[in-house]
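Visitor: I would like to go through this model with you and ask, for each label attached to it, what the label rests on.
Guide: Gladly; please have the sequence and the structure in view.

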Amino acid sequence: MVNRTQTLVLAFFLVVLVSVIAIRVAAPDVYDQAFRLPPGDRRLETIFLAALVAFIVLLAIAVFRRWRWIFWLITVAFLAGVLRVPVVILQLMGFLAADTPTWYLLFQGLLGVVQSAVGLAMVAGYRRAGVWGAF
């Protein structure tokens with residue numbers, strides 16, 4: 001049985017996977033800029049994205065199995081997502097170099113906010129019912 005906390009984490013992972021695939025198909029030049037790859041060379045990008053998908057699938061399996069250490073790893077990573085927001089703001093203001101389009105920066109900021117909210121929900125679930133507890 002999957003509870004609300006697990007559902008929220010899995011839904012976030014699904015959004016990330018769909019986003020990665022959509023950006024890869026619709027705007028592959030974004031990854032060229034982000035990875036600083038020469039145009040037309042998609043091998044390294046494809047390997048990296050395949051490894052990312054495999055890692056997210058492994059994390060999803062760990063969420064289903066309610067591995068305690070993965071709970072803490074995901075919680076810390078999700079709470080750290082709040083750091084994306086000031087970085088995006090600084091990039092949009094021109095204080096930090098931005099090598100990706102504005103829409104991608106805004107999307108990264110949105111993901112950071114959502115990621116942090118999921119992290120806070122995980123902490124609330126932990127305080128209420130323990131590791132992988134429902135919030």
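This is a predicted model: local features need pLDDT of at least 70, side-chain atom pairs count only at pLDDT 80 or more; totals for chains, interfaces and linings use all residues.

Visitor: What makes up the secondary structure of the protein chain?
Guide: The protein chain has 6 helices and 0 strands, and along the sequence the pattern reads α-α-α-α-α-α. Its C-alpha atoms fill a box of roughly 50 × 35 × 20 Å along the principal axes.

Visitor: How many aromatic pairs does a search of the whole structure find?
Guide: The search finds 8 aromatic pairs.

Visitor: Why is the pair of Phe 13 and Phe 78 called edge-to-face?
Guide: The ring centres of Phe 13 and Phe 78 are 6.1 Å apart, and rings pair if their centres lie within 6.5 Å. The planes of these two rings stand at 85°, and planes over 60 degrees apart count as edge-to-face, so the pair takes that name.

Visitor: What parts does the pair of Phe 13 and Phe 78 tie together?
Guide: Phe 13 belongs to helix 1 (residues 4-26) and Phe 78 to helix 4 (residues 68-79), so the pair ties together parts that are 65 residues apart in sequence.

Visitor: How do you know whether Phe 13 and Phe 78 are buried or exposed?
Guide: Buried means under 20% relative accessible area; Phe 13 has 6% and Phe 78 has 5%, so Phe 13 is buried and Phe 78 is buried. In the protein chain, buried residues make up 36% of the 135 residues.

Visitor: What kind of aromatic pair do Phe 71 and Trp 72 form?
Guide: Phe 71 and Trp 72 form an edge-to-face pair, with 5.0 Å from centre to centre and 85° between the planes. Ring pairs also link Phe 71 and Trp 72 with Tyr 126 and Trp 132 into a cluster.

Visitor: What makes you say that the charged end of Arg 4 sits over the ring of Phe 135?
Guide: The charged end of Arg 4 is 5.1 Å from the centre of the Phe 135 ring, and the distance part of the definition asks for within 6 Å; Arg 4 is accordingly listed as sitting over that ring.

Visitor: How far apart are the mean positions of the positive and negative charges of the protein chain?
Guide: The mean positions of the 11 positive and 5 negative charges are 23 Å apart.

Key
Residues are numbered from 1 along each chain as its sequence is written. Side-chain values use heavy atoms; hydrogens and water are left out. Helices (H or I, at least four residues) and strands (E, at least two) are DSSP runs, numbered from the N terminus. Buried means under 20% relative accessible area, exposed over 50%, partly exposed in between (1.4 Å probe, protein chains only). Lys and Arg count as positive and Asp and Glu as negative; His and the chain ends are not counted. The place of a charge is taken as NZ of Lys, CZ of Arg, CG of Asp or CD of Glu. Rings of Phe, Tyr and Trp (its six-membered ring) pair if their centres lie within 6.5 Å; planes under 30 degrees apart count as stacked, over 60 as edge-to-face and the rest as tilted. A charge sits over a ring if NZ of Lys or CZ of Arg is within 6 Å of the ring centre and within 35 degrees of the ring normal.
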